[in-house]
Amino acid sequence: MVGIVLVSHSPKIAEGILELIGQMAPDYNQIVACGGTAEGDIGTDPAGIMEGIKKVNDGQGVVILVDIGSAIMSAEMALELLEDTGLSDIIIADGPIVEGALNASVSASIGASLNDVIAAVDDARNLSKL
Amino acid sequence: MINRETVVKTIEVISDTIIENSEMLNDLDRAIGDADHGINMKRGFEKVKSILDDTQGKAISEVFKTVGMTLLTSVGGASGPLYATVFLKFADQCKDMDSLDAATYENMLNAAIEGIKKRGKSDAGCKTMLDVWIPYADTLKSEKSLGTDFSIALGKSVEAAHDGFEYSKTIVATKGRASYLGERSIGHGDPGAASTVLILESLSAMFQEG
């Protein structure tokens, strides 16, 4: 199954999205919340993101969802550091973290491919709310 | 000669300077960002200071690498990956070297600037630390081609770094948190540009005293 990593500046946001997903896709647990710094402050932690990727990766690929600013930089840095370990098919998806994570986890939970899970995040980006 | 002891000592000076100026960096960030650049940098460089003893006996390149990885895992903000990139790029340029010279420093600066551009998807004129890094390195290059003494050239480069920070006040932020403010960011200097000035001052002094 495709894994999902949630990268937010706030530990609460990342945990909260996880909680939300627990309702939508209760059997899907290949997802990890990487919110905040290593000390739990507001920020992002490239080393923590690396660990998160390894944790949810079973070889089918991993989609990373990010919130703002340095979350993207930290995720990219984590990917670069992982290059040496030979891990592949780890993609940062370009979509809103809440709606994107919901779409992606529902899609991943039914065994969708990496490309389909990325497409599910793309759908969330184009979703009109009103 | 700039050997590993000198480099370690300079990193300690950089750390102390950043820690001493963390309030100033926070204040700059409060005006156009989220008021945490000083806190983040202080946290990172306190950690760097705490691990410097572990670098005893390690080559210069390993010292820079350790600093980069430490910043990466402890800073928390965008400055973490950016400054981590700087020190990791420094490390790449001085592999297997027992001492640093002017030519190596030029390579280190070029590699760091390319790394920051790539990491931040940014360039000069976006109100970022690049508005200090680039004029500093450019001045060093142009003074070299004029045959200026390296120590004097470093002094001029530090002036260019300060000018770069002043310039950052005059432009609109298009990268980072400050970009949400648009025109309102004019009049305020960029916090990352300010911390870069501090770091480049210490590095310049190392080569001037070296």
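## The contact between chains A and B

In this predicted model, the contact between the two chains draws on 13 residues from chain A and 14 residues from chain B. On the side of chain A that touches chain B, the elements that contribute two or more residues are helix H2 (46-56) and helix H3 (70-83) of chain A. Of these, H3(A) supplies the largest share, which amounts to four residues. By residue type, the side of chain A that touches chain B is made up of five nonpolar, six polar and two charged residues.

## Chain A

Chain A contains five helices and four strands, and, read from the N terminus on, these elements follow the order β-α-β-α-β-α-β-α-α. Along the principal axes, the C-alpha atoms of chain A fill a box of roughly 35 × 30 × 25 Å. A compact globule with 130 residues would have a radius of gyration near 14 Å, and chain A, with 13 Å, therefore agrees with that expectation.

Of the 130 residues of chain A, 47% count as buried. When the contacts in chain A with a separation of 6 or more are considered, 74% of them are accounted for by residues 24 or more positions apart.

## Chain B

Chain B has nine helices and zero strands, so that its elements, taken from the N terminus on, read α-α-α-α-α-α-α-α-α. The C-alpha trace of chain B spans about 45 × 40 × 30 Å along its principal axes. For a compact globule with 210 residues the radius of gyration would be near 17 Å, and the 16 Å of chain B agrees with this.

Buried residues make up 52% of the 210 residues of chain B. Among contacts in chain B between residues at least 6 apart in sequence, 64% join residues at least 24 apart.

## Helix H7 of chain B

Just after H7(B), Gly147(B) adopts a positive phi of about 80°.

Which residues of H7(B) are buried? They are Leu130(B), Asp131(B), Val132(B), Trp133(B), Ile134(B), Pro135(B), Tyr136(B), Ala137(B), Thr139(B) and Leu140(B).

Methods. Residues numbered from 1 in each chain as written. Chains lettered and ligands numbered in written order. Predicted model: local features only at pLDDT ≥ 70, side-chain atom pairs only at ≥ 80, totals over all residues. Contact = placed C-beta atoms within 7 Å. Nonpolar A, V, L, I, M, F, W, Y, C, P; charged D, E, K, R; others polar. Rg over C-alpha atoms; globule rule 2.2 N^0.38 Å. Buried ≥ 20, exposed ≤ 12 C-beta atoms within 10 Å, placed from the backbone.
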